[in-house]
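Me: I would like to learn how to read a model like this one, feature by feature. Could you take me through it?

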Amino acid sequence: MTRTAPALDIDAILDDESTRIIVCCGSGGVGKTTTAAALGLRAAERGRSVVVLTVDPARRLAQSMGLTELDNTPRRIKDGGSPADPDGVNAENGGALHAMMLDMKRTFDEIIEAHADPQRAQQILSNPFYQSLSSSFSGTQEYMAMEKLGQLRRSGDWDLIVVDTPPSRSALDFLDAPERLGRFLDGKLIRILTAPAKAGGRSAFKLLNAGFGIVAGVLTKVLGAQVLKDIQTFVSALDAVFGGFRQRAEQTYRLLQAPGTAFLIVAAPERDAMREASYFVERLAEDRMPLAGVVVNRVHQSPAPALSAARSLAAAEDLEARGDHELTAAVLRLHADRMQLAAREQREQEHFTSAHPTVPLVQVPAMPEDVHDLVGLRQIGRLLAS
Amino acid sequence: MSGPTGGKNAARDTDWEGVRLHVVTGKGGTGKTTVAAALALALAAGNRKVLLVEVEGRQGIAQVFELPPLPYEERKIAVAPGGGDVYALAMDPEEAMLDYLEMFYGIKRMGKALTRMGVIDFATTIAPGLRDVLVTGKTSEAVRRRDKSGKRVYDAIVMDAPPTGRIARFLNVTQEVAGLARVGPVKNHADMVRGVVASPETAVHFVTLLEEMPVQETLDGIAELRTAKLPVGGVFINMVRPTGLPEAVLEAASANRFDNSELALGLKAAGLADGKADASLIADALAQEISEHACRTELERRERETLEGAGVPLYDLPLLAGGADLAGLYELAEAIHTRGVA
C-alpha cells in the first residue's frame, strides 16, 4: 500500500505573520543551509523582514547571496531581483533579507562583556580555560546558537528569523543546551570548583565534607593542579554571568516551543537521512517543539515516468541483441537506472510516511548543478512552495 | 612485510602498508560510516584482526552491519571473506573516562562518586574538548595494545571519525589541550595520543562525492591536516556512476546539439512507441534526461580534476545498485581491495 503524506504548504508558513522563527534541522549534507537561505529569500520577496542565521561557514552561501563573507552581524542582501538585475532581493512587497553567520567566540565574548564588570570580564576573557571553551570546543556552538537566536528575537528588528542548526553529532543537541547547563550549575561540582577560589586558597577544601575533598583530590590528580586552578578561576569569575546565561537559554527553549516557531526537518531521500528525519520527528515531539513538516531535497524524477525501468531494460537488451540502435540502448539503460533510483527514493519516503503519516512533506527535485546565486536560491524557493 | 600476527597471512602489496590506524572522515551524506566499515572488512581479509571504532555515539556501525545497538565493548561483529575478524567498539565518552581513570590512576571505584557529583558530565559534555581527548585516547590505546606475548592485539584499527569540517581539530588534540594544560597528566595523555595520531602508522582518509561542497570540504580538510602536520591518507570517491553514454553523445547533449530523431527511430524499433508522434514525444523526454546527465557528468569531471590537484591517491567506489545494505558492504570491501587500499 502506498501512503501519501499531506502536502507541506511552505508559503502558508512564510506568509503567516505569527511565524517568527523557522528552525531548519536535519543530518549533515542534506542541503539544510541552502534550504534555510532559499526560505529566507522567498519570505523576504513575499514582504517579510527576514534574517537568516547560519552556523555553516560555507563561503559559497555568502557568495551566492552577493556577500564576500558572512560574520556575526546581520548584513543586508542588496535589493534587485528584476529581470534586468536578477541577482538581488526583490523588495517590491516591502520585505528585506539579512544574513549572518554565528561566530561562537565573538558571541560568547559579547555575553561576558555585557554581563560582567570590566575587571571581571577581562579576568574571564584572558583565562586559558575560557579561551579553549569559547573557540575550539565543539559543544559551545549549541549554546551560542541558542543565545544568538534569543538575541535576534528579543531585538525585535526582524519579523522572521530563519536558522539552520549546528552540524553536531546529534543535530538536536542544541535543545539539550539549557538542561545540560542547568545540570552543571545545580550540580555539586560547581560548588567544589568555586569553593576554594571563594575562600581564597587550597585549604578551603578542608571546609568541605570528606566526599568533596576526595573528589577534589581526584580532580587534582587527573587534571593537574594548574588546570584545576584555571577552571576554578574561570567558574567562579563566570558564576554571576552563568545565572543569566542559563535563564536566557531556558527562555529561548520556551520560545522554540511557542506557537510562533516552525521546525522544518530537512532530509534527502536516502535511508540514513530519512532515518535521522524519523528520529527528529520523535525528538521534537518529546520536547513539545512545533513541527511544521519535512523538506526532502534532491529527489530524482524522470521526465518520462511512463516508461518503466523494466520495459526500458528489456528494450535495451533487445536492441543490443540485435546489434541495432546502440545509442537508444544506452539511453534506455540510463533511463532505467534513473527510474530505479527514483523508485528506491520513493520507497524510503514511503517508509517514513508509514511511520509518521500526519507529518506534511514537500519534495525538491535534484538539480543538475549546485546553487551559485540568488537566482538559484529563488528557484529552490519556488520548488519548495510548489 | 607480513602482519604482526605472524606468517599466516601472505604479504600484501597495498598502498597503505605499515599503516595501523586508518581514520575515515567525510562530509555528512557521503557514506563515511559505510566506507569505514568496508575498509575494516577489506583490511581483515587474510585472517587478520581489525577493530572498527565509532566515536560519535550514533550507532552508525550497528546500522551498517544490520545489528542491534552496540555496547561500549570490543565485540566481534563480522567475518571477512576468506577469514579474518572485524571487531567493533561504539565509543561512549563517559565509559572511556572511567576506563581512563582505571587505567592510569586505578580509581575506577571513584566513578560512581564522580558521576554523582557531575564531574563526568562536566568532562564529557560541558568541556567537550576533553571528550575528544578521551575518545582518541581510547583508540590510541587499542592501536598500541599488545597481548601477553608482546604481539599486537589488532592488526589494524579503523576509526569512523567526525565529519570533515571537524577532523583536524578533533585529531589535533595536543594543540587543543595545550591552551588548557601546559603540564600535568592530561597534557601527558594528550602527548601520547598525538604520538600515535601523528605517526607514519596513521593515515586519515577522506570520503567524498563528486559534488562541489564535499570536494571543497575535502580539500580544506587536507590543507588543515597538512598545516597540523597530521598524516593525510587517500580520498575515496564514493557512489561513482558509470558514464553510460559515449563521449560524443554527452558533448552533443551539453551543447544542445543532440539529435532526437535517431533516438525516436530506436524507440520505435524497440517497440516502445506507438507511431511517430509518440516516439518523438518519448525521445524529447529522454533527451532532457540525457542533457541533465551530461551536465552532471561534466560537473563530476571538473570536481575530479579539482581533487587530482590535492596530490593524494584517489579511489573510486561504485554506486551500489541495491543501496548500502550488507551485501553492498562486502561489494565495497572487494572494490577497496581491488583498488589496492587494503
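Reply: Gladly. Let's begin with burial: a residue counts as buried if 20 or more other C-beta atoms lie within 10 Å of its own, with C-beta atoms placed from the backbone. Please keep in mind throughout that this is a predicted model.

Me: Which residues of helix 7 of chain A are buried?

Reply: The buried ones are Thr140(A), Gln141(A), Glu142(A), Tyr143(A), Met144(A), Ala145(A), Met146(A), Glu147(A), Lys148(A) and Leu149(A). Helix 7 of chain A covers residues 140–155, 16 residues in total. From first C-alpha to last, this helix reaches 22 Å, close to the 22 Å expected at 1.5 Å a residue. Just after helix 7 of chain A comes Gly156(A), with a positive phi of about 70°.

Me: How many helices and strands does each chain have?

Reply: Chain A has 15 helices and eight strands, while chain B has 14 helices and eight strands. Burial can also be read chain by chain: 46% of the 386 residues in chain A are buried, and for chain B the figure is 49% of 342 residues.

Me: What share of the contacts joins residues at least 24 apart in sequence?

Reply: Take the contacts between residues at least 6 apart in sequence. In chain A, 77% of these join residues at least 24 apart; in chain B, 73% do.

Me: Where should I place confidence in chain B?

Reply: Look at the average, then at the elements. Chain B has a mean pLDDT of 87, with 91% of its residues at 70 or more. Among its elements, strand 6 of chain B has the highest mean pLDDT (98) and helix 5 (residues 119–126) of chain B the lowest (67). Over residues 1–10 of chain B, pLDDT stays under 50, and the model has 20 contacts beyond four places in sequence for them. For the model itself, the scores are ipTM 0.82 and pTM 0.87.

Me: Which domains does chain B have, and how far apart are their centres?

Reply: The domain assignment gives domain 1 as 21–241 + 319–338 and domain 2 as 247–295. Notice that domain 1 is written as two segments. The C-alpha centres of these two domains of chain B are 48 Å apart. For scale, the C-alpha trace of chain B spans about 85 × 45 × 35 Å along its principal axes.

Me: Which pairs of strands are parallel and which antiparallel?

Reply: Strand 3 and strand 4 of chain B run antiparallel, joined by four bridges, and Lys76(B) has Tyr87(B) as its bridge partner in strand 4 of chain B. Their hairpin has five residues between the strands, and in it Gly82(B) takes a positive phi near 80°. Strand 2 (residues 49–54) and strand 5 (residues 156–160) of chain B pair in the parallel sense over five bridges; there, Val50(B) is partnered by Ala156(B). Strand 7 and strand 8 of chain B are also parallel, over four bridges, and Ile237(B) stands opposite Asp316(B) of strand 8.

Me: Which face of strand 8 of chain B is covered, and which uncovered?

Reply: Tyr315(B) and Leu317(B) form the covered face, whereas Leu314(B), Asp316(B) and Pro318(B) are on the uncovered one.

Me: Why does Val19(B) count as buried?

Reply: Val19(B) is buried because 21 other C-beta atoms lie within 10 Å, and the cut-off is 20 or more. This residue lies in the segment before strand 1 of chain B. Beyond its neighbours within four places in sequence, Val19(B) is in contact with Glu201(B), Thr202(B) and Ala203(B). The C-alpha atoms of Val19(B) and Asp155(B) are 9.4 Å apart, although 136 residues separate the two along the chain.

How values were computed
Residues numbered from 1 in each chain as written. Chains lettered and ligands numbered in written order. Predicted model: local features only at pLDDT ≥ 70, side-chain atom pairs only at ≥ 80, totals over all residues. Helix = DSSP H or I, 4+ residues; strand = E, 2+ residues; numbered from the N terminus. Expected span 1.5 Å × (residues − 1). Buried ≥ 20, exposed ≤ 12 C-beta atoms within 10 Å, placed from the backbone. Domains from an automatic or database assignment. Contact = placed C-beta atoms within 7 Å. Pairing = 2+ DSSP bridges. pLDDT = per-residue confidence, 0-100.
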